[in-house]
Amino acid sequence: MPGNFITTSFEAMLGWGRKYSLFHYPFITACCGMEYMSAACAHFDIDRFGAGWTRFSPRQADLILVVGTVTQKLAPVLRTVYDQMAEPKWVIAVGACAVSGGIYDNYAVVQGIDQIIPVDIFVPGCPPRPEMILEGLLALQGKIQKEGHDWRWKKKKTS
Amino acid sequence: MEEEKDVLSSLRAAYPGDVLEAGAPFGDETIVIRPAALPAIMAALRQSPYEFTMLLDLTVVDYPDRPERFEVVYHLLSIPRNRRIRIKLSVPESAPVVASLTGLWKNAEWLEREAFDMFGVRFEGHPYLRRIFMYDGFEGHPLRKDYGLRHRQPRIPLRK
């Protein structure tokens with residue numbers, strides 16, 4: 001065959017483009033934030049995976065990292081922040097508290113943020129090491145790649 | 001310097017009927033007083049010669065078996081004299097009302113709001129007594145012993 005060209009499918013291109021350009025919004029409430037900061041800074045360098053740009057506005061973010069304990073008082077705030085994000089959007093719950101409430105099985109703490117917003121990737125650990133957070137990000141990238149044509153906003157409109 | 005050595009006995013002499021107990025268990029000077037005498041005794045402790053200028057902490061202990069169920073505990077620190085004292089008083093569940101100390105120590109405002117939030121003890125004369133940790137609409141007081149261990153009150157409807 002003459003010429004220089006590649007063939008691919010639109011879905012694969014779209015997934016590839018999306019998974020390497022995640023703007024993330026850190027929703028940090030507790031000590032896991034230290035691990036997030038470590039993961040985000042130069043030593044572990046989340047930028048290697050295309051998620052280096054932190055947007056401190058949910059309206060410009062694709063990915064929300066919920067890092068730390070979410071109380072019942074904070075739950076409406078988290079829901080509002082999630083609703084403000086534009087589609088398509090993904091959620092990673094980082095740390096035992098965000099995943100399941102952790103050691104705080106009491107009157108004040110939400111037992112897992114999946115009770116408030118849909119979660120794509122759970123990263124357990126108390127706290128998880130930065131490598132775990134990066135692995136969660138890689139798992140999310142794999143998920144985004146496979147999502148392909150199945151766009152979320154289309155899903156939402158039909159359902 | 002001599003008179004400040006014995007805060008407990010001077011208090012006992014000054015308020016004979018109001019100081020129910022005075023002692024130093026585990027080396028911490030503690031007095032138990034009648035609730036009605038709280039404003040007078042605290043105002044005296046705030047001033048010379050005691051000069052307890054700092055309200056370190058204000059907490060409540062719930063003793064469900066006692067007739068006077070809630071024990072309010074104050075911790076004071078005298079920065080000029082480098083002394084501490086603990087003041088306790090008990091109030092019944094039927095009327096858990098204590099005088100507010102916001103006029104003496106400004107930080108009592110938040111401490112009393114916390115005690116009200118967690119135990120339902122009301123502080124008379126507080127300028128703005130509402131919940132500080134839990135949200136508006138929360139029912140009950142979560143640190144009371146009869147608050148259910150597994151009792152949950154989600155603020156927003158959770159996802160199915």
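Visitor: Is R83(B) buried or exposed?
Guide: R83(B) counts as buried, at 15% relative accessibility. Buried here means under 20% relative accessible area, exposed means over 50%, and partly exposed lies in between, with a 1.4 Å probe and protein chains only. Please note that this is a predicted model, in which local features need pLDDT of at least 70 and side-chain atom pairs count only at pLDDT 80 or more, while totals for chains, interfaces and linings use all residues. Residues are numbered from 1 along each chain as its sequence is written, chains are lettered from A and ligands numbered from 1 in the order in which they are written, and side-chain values use heavy atoms, with hydrogens and water left out.

Visitor: Which side chain meets R83(B) in a salt bridge?
Guide: That of E29(B), at 2.9 Å from N to O. A salt bridge is a side-chain nitrogen of Lys or Arg within 4 Å of a carboxyl oxygen of Asp or Glu. R83(B) sits in strand β5 of chain B and E29(B) in the loop between β1 and β2 of that chain, so the pair ties together parts 54 residues apart in sequence. Helices (H or I, at least four residues) and strands (E, at least two) are DSSP runs, numbered from the N terminus.

Visitor: And what does E93(B) pair with?
Guide: E93(B) forms a salt bridge with R69(B), and their closest N and O atoms are 2.9 Å apart. This pair links distant parts of the chain, 24 residues apart: E93(B) is in the loop between β5 and β6 (97–99) of chain B, and R69(B) in the loop between β3 and β4 of chain B. E93(B) is partly exposed, with a relative accessible area of 42%, whereas R69(B) counts as buried at 5% relative accessibility. Both belong to a network of salt bridges that also links D62(B) and D146(B).

Visitor: How many salt bridges does the structure hold?
Guide: Over all chains, the structure holds 16.

Visitor: How many of them lie across the interface of chain A and chain B?
Guide: The rule finds two there. D105(A) forms a salt bridge with R150(B), the closest N and O atoms being 2.4 Å apart. That pair runs from the loop between α4 (96–100) and β4 of chain A to the segment after β7 (122–124) of chain B. D105(A) also forms a salt bridge with R152(B), again with closest N and O atoms 2.4 Å apart. D105(A) is partly exposed, at a relative accessible area of 32%, while R150(B) counts as exposed at 59%.

Visitor: How much area do chain A and chain B bury between them?
Guide: About 1400 Å², 55% of it on carbon and sulfur atoms. Q72(A), K73(A) and Y107(A) supply 49% of the area that chain A buries against chain B, more than any other three residues. Buried area is the accessible area (1.4 Å probe) that two parts lose on being put together, summed over both. The contact (heavy atoms within 4.5 Å) takes 15 residues from chain A and 19 residues from chain B.

Visitor: Changing topic: which residues touch the most other members of the largest nonpolar core?
Guide: L45(B) and Y74(B), in a core of 43 residues. A nonpolar core is a set of buried Ala, Val, Leu, Ile, Met, Phe, Trp, Tyr and Cys residues joined through side-chain atoms within 4.5 Å. Not counting residues up to four places away in sequence, L45(B) touches several residues, including V7(B), L11(B), F52(B) and I87(B). Apart from this core lies another, of 21 residues, among them C32(A) and V67(A).

Visitor: What about phi of F26(B)?
Guide: Phi of F26(B) is near 55°, a positive value in a residue other than glycine. F26(B) lies in the loop between β1 (19–23) and β2 of chain B, and is exposed, with a relative accessible area of 83%.
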